[in-house]
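Hi,

Here is the structure I said I would pass on.

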Amino acid sequence: FSDFRADADFSGTLTKRSKWMHEWRKRYFYLKGNELYFCKTENSPPHGLIDLKDCLTVKSAEEKVHKPNCFEVATPNET
């Protein structure tokens, strides 16, 4: 991972659904260009990266998961 914190375009806390247990967990996100990094805390190392340039769609998921301001990102590998 590059120095994703330096000059991040946006950063802040979001709630992310876990890949395996499908539980909602609070994560700290950094958006730098097309790369969306997520960390367990603001100062922890990145737990993952979503490359938005490979993104197929970004759409509302409010009705699907019954949470306000919710969205899903679909990539060739995952939704």
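Lys59, Lys64 and Glu72 are linked in a network of salt bridges. Keep in mind that this is a predicted model, so treat everything below as computed from it, since local features here need pLDDT of at least 70. As background, side chains of opposite charge can pair when their charged atoms come close.

Glutamate 72 makes a salt bridge with lysine 59, and the closest N and O atoms of the two are 3.6 Å apart. This pair links distant parts of the chain: glutamate 72 is in strand 6 (residues 71-74) and lysine 59 is in strand 5 (residues 57-60), 13 residues apart. Glutamate 72 also has a salt bridge with lysine 64, where the closest N and O atoms are 3.1 Å apart.

Glutamate 72 has a relative accessible area of 13%, so it is buried. Lysine 59 is at 47%, so it counts as partly exposed. Lysine 64, at 57% relative accessibility, is exposed.

**Another pair, and a serine beside it**

How many salt bridges does a search of the whole structure find? The answer is four. One of the salt bridges joins arginine 25 and glutamate 23, with their closest N and O atoms 2.9 Å apart. Both residues fall in the middle class: arginine 25 is partly exposed because its relative accessibility is 31%, and glutamate 23 is partly exposed because its relative accessible area is 38%.

Now find serine 18, which sits in the loop between strand 1 (10-17) and strand 2 (24-32). Once you leave aside its neighbours within four places in sequence, serine 18 is in contact with Glu23 and Arg25. Is serine 18 buried or exposed? Its relative accessibility is 10%, so serine 18 counts as buried.

When you open the model, you could start with serine 18 and its contacts Glu23 and Arg25, then go over to the network of Lys59, Lys64 and Glu72.

Cheers

Key
Residues numbered from 1 in each chain as written. Predicted model: local features only at pLDDT ≥ 70, side-chain atom pairs only at ≥ 80, totals over all residues. Heavy atoms only, no water. Helix = DSSP H or I, 4+ residues; strand = E, 2+ residues; numbered from the N terminus. Buried < 20%, exposed > 50% of the residue type's maximum accessible area, 1.4 Å probe, protein only. Contact = heavy atoms within 4.5 Å. Salt bridge = Lys/Arg side-chain N within 4 Å of Asp/Glu carboxyl O.
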